[in-house]
Amino acid sequence: MRIWIVLLLIALSFYGACGVYASDKASTAAVSCLPLHEETRFTVPAGPKSLRFTPDGKHVVVNCLYGHKVVVIDSKTYEITKTIAVPDEPVECCVTPDSKRMWVSLYNEKSVLEIDLSSGEILRSISVGAIPKVVELSQDGRWVYVANWESSTVSVIDTSSGVVVKEIKAGRIPRGICFSHDGQYAYVAAMGGSTLAKIDVTNGHEVLKMIPVGSNPRHVVIAADDATAYVSNNIPGLVTKVDLLKGEMVKQIKVGNYPRTIALSPSSPVLFVCNYSSNNLGVVDLATSKQVATYPTLTHPIGVTVSLDGRFVWVSSYRTSTIHIFETSDTAVTPVQIEQTTTPPTPPAMIPATSPVKASAPESQQTWAGMWLAVTNVWNDSSLAGNKIPNGQLILWFSLLVGSITIVYMARKKRTIALQTQPSEVENREEEVDVRD
């Protein structure tokens with residue numbers, strides 16, 4: 001009987017703590033985000049790993065890894081205008097400023113292809129390191145950087161000669177690459193570590209500094225002023241804001257599970273995030289440094305690209321070989337009421353494609369769901385993000401501590417609670433995500 005009284009007191013303490021915590025957060029319930037609606041979706045060859053708008057905005061290039069194809073899609077009609085067969089699994093690509101040629105990395109072939117976009121002809125194949133991932137072109141078109149995942153190097157290709165002029169050691173398992181808009185620096189995310197390498201492009205491709213950005217950084221984008229970068233931290237479920245002038249982290253933003261590719265909007269202060277295991281597209285308000293909305297996708301969104309005017313957001317879902325096209329409802333940033341949650345999303349089939357918010361639970365479940373939501377929000381607002389501990393969190397942790405001590409004391413004294421753990425016969429079906437994706 002006493003144990004049930006204690007459990008009841010703990011439950012009431014949780015409820016009170018959650019109430020205080022919710023009141024602390026009430027003022028931020030309405031936040032700024034860019035409202036989207038899903039205009040259409042369609043399938044492409046198997047395993048669309050990445051996609052990218054051409055610089056002229058007329059086409060989107062999709063790298064279909066398992067299909068061994070690169071498809072070129074008209075950005076207005078959504079028709080596939082060209083399907084290019086390649087000899088291996090295409091991973092990532094970059095396109096020349098005139099939108100006439102592209103560079104594509106091949107997963108197993110240790111090579112990068114230069115392809116004519118209009119004809120689909122493979123012009124050159126250039127050997128690089130093992131398991132090349134991101135390929136990125138410098139602003140002047142002179143250099144292509146290739147992140148060699150397995151070799152832990154970055155190959156520097158002279159585009160005029162097609163020769164690899166240098167292999168850069170930029171950290172373990174390099175993946176994300178971006179160039180500053182002035183062309184002076186390149187930044188490389190080391191997915192097997194916790195750093196962002198700053199490389200001097202104009203002076204021998206030398207590594208100038210390793211900037212701490214948190215563990216498992218996958219993708220990196222840079223703001224137009226070249227002063228700020230954003231990095232997706234895959235396993236921690238974060239986006240890290242980096243001050244490039246000072247070479248230090250500014251803030252870490254909690255997003256969904258296993259954030260992969262990220263993209264900045266050219267027209268609004270928002271960042272789009274592919275929350276891979278949450279099966280949604282996240283929207284981060286850069287003014288408040290918070291993920292303010294999510295939009296459901298099919299299984300495993302992995303690639304995202306934004307049109308030049310910021311009106312359309314294209315997302316590739318890896319597992320279902322689907323392309324989602326979202327359209328902004330307004331060119332201005334408007335307040336939207338959203339649900340602050342990090343719990344797994346409802347399957348997309350149960351949610352209208354136009355809704356950024358999950359369907360309401362039955363009334364009998366809402367109280368417990370709300371309590372659990374508040375508990376997870378307390379956990380997510382950690383000191384890692386630079387937030388002060390709210391009163392609700394203090395009460396919550398105090399309740400946990402007192403309740404736990406009481407239960408253990410009564411169990412040991414009365415010997416009334418069996419603390420034996422039965423072997424689990426349920427297979428763990430959670431997907432294991434390797435650090436090297």
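Guide: Gladly! This is a predicted model. Let us start with Arg311, which has a relative accessibility of 41%.

Visitor: Why is Arg311 called partly exposed?

Guide: Partly exposed lies between the buried limit of under 20% and the exposed limit of over 50%. Arg311 has 41% relative accessibility, so it counts as partly exposed.

Visitor: What makes Glu327 and Arg311 a salt bridge?

Guide: The closest N and O atoms of Glu327 and Arg311 are 2.6 Å apart. The cut-off is 4 Å between a side-chain nitrogen of Lys or Arg and a carboxyl oxygen of Asp or Glu, so the pair qualifies.

Visitor: Is Glu327 buried or exposed, and how do you know?

Guide: Glu327 has a relative accessibility of 9%. Buried means under 20%, so Glu327 is called buried.

Visitor: How many salt bridges does the structure hold?

Guide: Seven. Among them is the one between Glu114 and Arg124, with the closest N and O atoms 2.6 Å apart. Glu114 belongs to strand 9 and Arg124 to strand 10, ten residues apart.

Visitor: What makes the labels of Glu114 and Arg124 what they are?

Guide: Glu114 has a relative accessible area of 3%, which is under 20%, so the label is buried. Arg124 has 24%, between 20% and 50%, so Arg124 counts as partly exposed.

Visitor: How do you know that Lys166 forms a salt bridge with Glu206?

Guide: Their closest N and O atoms are 2.8 Å apart, and that is within 4 Å, so the pair meets the definition. This pair links strand 14, which holds Lys166, to strand 18, which holds Glu206, 40 residues apart. With relative accessible areas of 24% for Lys166 and 42% for Glu206, both fall between the limits of 20% and 50%, so both are partly exposed.

Visitor: Why are strand 21 and strand 22 said to pair?

Guide: Pairing needs at least two bridges. Strand 21 (residues 238–243) and strand 22 (residues 248–254) have six, so they pair, here in the antiparallel sense. Val239 stands opposite Ile253 in strand 22.

Visitor: What lies between strand 21 and strand 22?

Guide: Four residues lie between the two strands, which form a hairpin. Gly247, in the turn, has a positive phi of about 70 degrees.

Methods:
Residues numbered from 1 in each chain as written. Predicted model: local features only at pLDDT ≥ 70, side-chain atom pairs only at ≥ 80, totals over all residues. Heavy atoms only, no water. Buried < 20%, exposed > 50% of the residue type's maximum accessible area, 1.4 Å probe, protein only.
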